[in-house]
Amino acid sequence: MTELGILIGLVAAVVIAGLTMTGEGTRDALCQAANAFGVTCGDLLRDTFATLDNWSIHHGRWQLRDGQLCIDGPGRIYRPLDRHDYIIEVDMARITRGNGYGVFFRDSGGEKNNGYSFQYDPGYGRGAFIICKWVNGNELSMPIARTNAPLNYDWYGTDRRVRIEVRGDTFIAYIDGQPVVQARDSSFAGSGISFRSWDNSSTCFDDLTVRRP
């Protein structure tokens, strides 16, 4: 047993040294080494929306209702994050009316933000899952990726789980554990995250987690 422990320690030391030399921070290297042995490392952030102290409202009437982040009408709310690659998980996202909501990633922040958004978009054609690029606060007219939703997809009044994997130049969005759209782009390396609503949408979010990829 002692020999096995020494071997594991040596392997972990080699992994940490290698990752540190390739530019990974010591903490990230430790996490990746731990993952190699089946040990889960800590989250980058977790928010159950008890307060909005860590968020910046760029526009819209965002509010907390029954422990959920909600908005009626258009708006965007931003949170900084010192990380470029991550996995965003929203355990509950629900729209009850309107044309859709978005989750920004690699968002530079501010009104003239650069970055990307995954959009849950019942108002796009007959309904679609979209990844968009934003330049100087403007959404480009053509998505960088789009997948049409299945016929008779239940957009409204259903709690959905949203997951967005952001790794290098590759982005994959999931709804309820199923991949729905994937894109590749290397234009921006910002780090923040945001929620967005537009037109007359009414939507709520709860239980946000951002994890290491």
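**View 1. Arg76 lies over the face of Phe104 in this predicted model.** The distance from Arg76 to the ring centre of Phe104 is 5.2 Å, where a charge counts as sitting over a ring if NZ of Lys or CZ of Arg is within 6 Å of the ring centre and within 35 degrees of the ring normal. In the predicted model, local features need pLDDT of at least 70 and side-chain atom pairs count only at pLDDT 80 or more, while totals for chains, interfaces and linings use all residues. Residues are numbered from 1 along each chain as its sequence is written, and side-chain values use heavy atoms, with hydrogens and water left out.

**View 2. The charged end of Arg163 sits over the ring of Tyr174.** Here the distance to the ring centre is 5.9 Å.

**View 3. Phe49 and Phe195 form an aromatic pair.** A search of the whole structure finds 17 aromatic pairs, counted for rings of Phe, Tyr and Trp (its six-membered ring) with centres within 6.5 Å; planes under 30 degrees apart are stacked, over 60 edge-to-face and the rest tilted. The centres of Phe49 and Phe195 are 6.3 Å apart and their planes stand at 65°, so the pair is edge-to-face. Both Phe49 and Phe195 are buried, that is, under 20% relative accessible area with a 1.4 Å probe and protein chains only.

**View 4. Trp55 and Phe195 form a tilted pair.** Their ring centres lie 5.8 Å apart with the planes at 35°, so the pair is classed as tilted. Trp55 is buried, as is Phe195.

**View 5. Ring pairs link a cluster of aromatic residues.** Among its members are Phe49, Trp55, Tyr101, Tyr153 and Phe195.

Definitions and conventions:
Buried < 20%, exposed > 50% of the residue type's maximum accessible area, 1.4 Å probe, protein only.
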